[in-house]
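Q: I have a structure open and want to go through it with you. Can we start with the aromatic rings?

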Amino acid sequence: MRRYFGRKLLIYGLTFFVAVTINWMIPRFMPGDPVASMLARANVTQPAAYEAMRSYYTGLFGLDQPIWQQYLNFWGRLLRGDFGTSIYLFPTPVSTVIKGAVPYSIGLVMPSVLLSWVVGNWAGAIAARRKVLDNTALPIGYVLTAMPHMWLGVLMAWGFGVILGWLPIAGGYSFSMRPSLTWAFAWDLVVHWFLPFLSLFLIALGGWAIGMRNMIIYELESDYSNYLSALGAPQRLIRRYAFRNAVLPQITGLALQLGVIVAGALVTEIVFSYPGLGSLILNAIKNKDFFLIQGAFLFIVLGVLIANFIIDIVYVVVDPRTRAGMVAGT
Amino acid sequence: MITVDGLRVYYRTLKGDVRALDGVTFDVRDGEILGLAGESGCGKTTLGKSLIRMDGRMKHVAGTVTLDGRSLPIADDAAMVPFRFHEVSLIPQYSMSALNPTRKIGRMIRELLKARQAPYDEQELHKRLELVGLGVETLERYPIELSGGMKQRMVMVISTLLNPSLLIADEITSALDVSTQKAVATALAGFRDAGFLKSMIFITHDISLTYQIADTIMVMYAGKLAEKAPAKTMVTAPRHPYTQLLLNSLPEVGVRYGQRRLAGIPGSPPSLLNPPDGCRFRDRCPLAYGKCAEEPPPVEVEPGHFVACWKA
Ligand SMILES: Nc1ncnc2c1ncn2[C@@H]1O[C@H](COP(=O)(O)OP(=O)(O)OP(=O)(O)O)[C@@H](O)[C@H]1O
Ligand code: SF4
Ligand SMILES: [Mg+2]
């Protein structure tokens, strides 16, 4: 057991290292000079003042050091929790900017992932049982999974927001509101959250339902199901077993899908101007704010890795075979 | 006592019916072990499945099955349920994967018995496990923690737990090594002696293994009965040319299965999709003559010895 998790942790550690390195590289090799673009926005016209500010900022960001030094500094600051200073929201530290966005992203991704997984598995299991349901659920599922996030988002914003006018289509809360601990504000948050949540939920739902349906059908044709049928066991029991066995690959599937889901969530946030990491990254890219880009991506990588690790643990808990294998192996 | 009369079971396929079981008649008395042998594809599994649970592609065309004086509704899946496990049981060809991988074995057994409204007699279960050399703690394990042979014996115990009248054991030794094969076969004969089952159909490729435990041997060829005789007679004085070749092609008893696969008879069985008229062994039979264009009916050449051949 310890060896198993040790190996997993090592893999995740390596992944993290590679991700950090790539993450550090990308903005540095992006075209354009961040300091110059920032100064351009600041409208500094006098050449002398321009030079002074330029060297001040370059020094501040450490861009005048040799590249390997920048890399080491990067790690050093990272380990101290210092992601640098945002350029476009200067002088707010990147960590503060991210802290403001993360609750929105997590609040969007977590419920949509978990709910779509649970509801999708349930719907798929039912579809596998009834022909009529299968014939309707399956095409709907395929349409939903095939739908690009961008497209469904725009469609829903247009339908529910513009045409029907039921729900707001942009922002995390109304402009007229100030964040506060009141019911009115909480309700406002929920209303703004609902459409982006729904579009993420629906797209993921189709995939889980199809996966579960196929897995159940496969399990129902497996040897242990046939044996139980031969012994006259009722369908109820056989289905119960099939469901449990079919859920296991779906858990692995969840781990595999996390990256895709997060990417989808980023796009959805952008469509709905939802103030999470997705919108943040878009703005950071627009402003060549590479400390912010780095910080946001690092946070996402870290989040996905942690989620993967949690899924690993859950898998070990629910699948007796992995546990048995570990006991036998150590 | 089970009586099978003129049983025909076909597989529905896109190309037409595969006549996998084409008129088979025999019976198995109480306390008798019938060894069923024949080349791959001759219909052994089909026969076994017909007696307990036909799959969706199988079609009962003709014939009747009577178990202890009651007619078995083999074509009616729902009506067969009360018979399954209680009266007719099966040790499948796929015993290695017959147990739900995510349930502890003991719990699976309890859930199965409860679902079948059968009492869970823990003492009896423990006794039987010991009989096949499995510790009681095996019940607390998952199937993956058992070796192939252990799973085999576990399935053996589960399938016979309700003392069925008929047990079908399909190819249960193919995956085992020779010494385990013998142990499993002997354990099954022991189950019969202990009264855990009344009669048994023991299916195998391997005539010599059949001979060790069967009272009667039945040889099938291309969906039909070729010969059926007491085990001793079958091995010492076979009358059907196919059985004779089959026995001649066998090396000494004890050689590993697989090397023994009936390589000795040239040619291959006819397609069962549109089988030719007359004797189905005609193309490969060294004794074939004009009359063989007609189908040879099984004839009782001496008491309990049936042969379907014009030359017998
Ligand atoms: N699902 C199916 N659809 C069509 N034909 C089938 C099907 N299952 C079996 N058959 C055919 O029926 C015939 C008998 O098959 P069966 O499985 O009973 O053979 P067997 O004697 O058990 O062979 P083996 O020794 O290889 O297990 C074979 O010719 C096979 O090709
Ligand atoms: S009936 Fe004819 S072809 Fe068939 S086994 Fe006998 S002799 Fe051979
Ligand atoms: Mg078979």
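A: By the ring-pair rule (Phe, Tyr and Trp rings, Trp by its six-membered ring, with centres within 6.5 Å), the count is 15 aromatic pairs over all chains. This is a predicted model: local features need pLDDT of at least 70, side-chain atom pairs count only at pLDDT 80 or more, and totals for chains, interfaces and linings use all residues. Residues are numbered from 1 along each chain as its sequence is written, chains are lettered from A and ligands numbered from 1 in the order in which they are written, and side-chain values use heavy atoms, with hydrogens and water left out.

Q: How is the pair of Phe160(A) and Trp166(A) arranged?
A: Phe160(A) and Trp166(A) are tilted, with 5.9 Å from centre to centre and 40 degrees between the planes. Planes under 30 degrees apart count as stacked, over 60 as edge-to-face, and the rest as tilted.

Q: Is Trp166(A) buried or exposed?
A: Trp166(A) is exposed, at a relative accessible area of 58%. Buried means under 20% relative accessible area, exposed over 50%, and partly exposed in between (1.4 Å probe, protein chains only).

Q: What about Tyr242(B) and Phe281(B)?
A: Their ring centres are 5.1 Å apart and the planes meet at 65 degrees, so this pair is edge-to-face. Tyr242(B) is in helix α9 (residues 241–248) of chain B, while Phe281(B) is in the loop between α9 and β11 (299–302), 39 residues apart, so the pair links distant parts of the chain. Helices (H or I, at least four residues) and strands (E, at least two) are DSSP runs, numbered from the N terminus.

Q: Are those two buried or exposed?
A: Tyr242(B) is buried, at 0% relative accessible area, and Phe281(B) is buried too, at 1%.

Q: Which rings cluster in chain A?
A: Tyr4(A), Phe5(A), Tyr12(A) and Phe309(A) form one aromatic cluster.

Q: Where does the charged end of Lys291(B) sit?
A: The charged end of Lys291(B) is over the ring of Trp310(B), 4.3 Å from the centre. The rule is that NZ of Lys or CZ of Arg lies within 6 Å of the ring centre and within 35 degrees of the ring normal. Lys311(B) likewise lies over the face of Tyr289(B), at 4.5 Å from the ring centre.

Q: New topic. How many residues surround ligand 1?
A: There are 16, and the closest are Ser40(B), Gly41(B), Lys44(B), Thr45(B) and Thr46(B). A residue counts if one of its heavy atoms lies within 4 Å of the molecule. The shell has five nonpolar, eight polar and three charged residues. Ala, Val, Leu, Ile, Met, Phe, Trp, Tyr, Cys and Pro count as nonpolar, Asp, Glu, Lys and Arg as charged, and the others, Gly among them, as polar.

Q: Which element gives the largest share of that shell?
A: That is α1(B), with three residues.

Q: How far is Lys44(B) from an oxygen atom of ligand 1 in that case, and what about Thr46(B)?
A: An N or O atom in the side chain of Lys44(B) is 2.8 Å from an oxygen atom of ligand 1. A polar side-chain atom of Thr46(B) is 2.4 Å from an oxygen atom of the ligand.

Q: And which residues surround ligand 2?
A: Among them are His240(B), Cys279(B), Phe281(B), Trp310(B) and Lys311(B). By class, that shell has nine nonpolar, one polar and two charged residues.

Key. A polar contact is a pair of N or O atoms within 3.5 Å; within protein, one must be able to donate a hydrogen and the other to accept it, and residues adjacent in sequence count only if both atoms are side-chain atoms.
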